Amino acid sequence: MRDWLIGLAVATACLVVSWAVLVLLARRLPPGILRDLAAFVPDCVTAVRRLRRDPRVPRRARVAIVVAGLWVASPIDLIPEFLPVIGPLDDIVVVALALRYAARQVPRQVLLDAWPGEPRLLLRLLGGAVTSSPS
């Protein structure tokens, strides 16, 4: 039992350290693609938190966004977080799919208002997704 607890503690520490490195890189790197990539996961978490509370987001989109947020926060992943570069890849894919799904039901401006990072990154992610008009 003790070995399991030690393993769990090490895995949790690796997860926390990888998140701390992403946040640090997002704040310290000069503007550019590397900074955008480092800031993507923290920006996604912030956007999920904001969209979850926004009354303009329909229930289905909110559920998809919350599931994506739980996926990012979960220590259980398809690709372990501690692997450099590719560790957060499954998180990015899940959040990207959830945001694209939400973009079909939520006005684009609502998503842009919730996104704390560079708007061009979110617009590129959303691509040609059709948004509903504000009611």
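**Ground rules.** I number residues from 1 along each chain as its sequence is written. Because the model is predicted, I take local features at pLDDT of at least 70 and side-chain atom pairs at pLDDT 80 or more, while totals for chains, interfaces and linings use all residues, and side-chain values rest on heavy atoms, with hydrogens and water left out.

**Fold.** I looked up the secondary structure and found six helices and zero strands, where helices (H or I, at least four residues) and strands (E, at least two) are DSSP runs numbered from the N terminus. Among contacts (heavy atoms within 4.5 Å) between residues at least 6 apart in sequence, I noted that 56% join residues at least 24 apart.

I recorded 34% of the 135 residues as buried, with buried meaning under 20% relative accessible area, exposed over 50% and partly exposed in between (1.4 Å probe, protein chains only). Setting aside neighbours within four places in sequence, I found Leu122 in contact with Leu99, Leu111, Leu112 and Trp115.

**Surface patch.** I then turned to Ile86, Leu89, Val93 and Leu97, which make a nonpolar surface patch of about 360 Å²; such patches take residues with over 30% relative accessible area and no salt bridge, nonpolar side chains (Val, Leu, Ile, Met, Phe, Trp, Tyr) being joined within 5 Å, and areas come from the Shrake-Rupley method with a 1.4 Å probe. Ile86 sits in the loop between helix 3 (59-73) and helix 4 (89-103), and counts as partly exposed because its relative accessibility is 43%.

**Charged residues.** My search of the whole structure gave two salt bridges, each needing a side-chain nitrogen of Lys or Arg within 4 Å of a carboxyl oxygen of Asp or Glu. Arg56 and Asp54 meet at 2.8 Å, N to O; Asp54 is buried at 11% relative accessible area, whereas Arg56 is partly exposed at 49%. Glu118 pairs with Arg120, the closest N and O atoms being 3.8 Å apart.

I also checked Asp43 in helix 2 (residues 33-53), which is buried yet has no salt bridge, the nearest side chain of opposite charge, Arg50, being 8.0 Å away. Not counting residues up to four places away in sequence, Asp43 touches Trp115, Pro116 and Gly117.

Conventions:
Lys and Arg count as positive and Asp and Glu as negative; His and the chain ends are not counted. Patches are made of residues with over 30% relative accessible area and no salt bridge: like charges are joined within 9 Å, nonpolar side chains (Val, Leu, Ile, Met, Phe, Trp, Tyr) within 5 Å.
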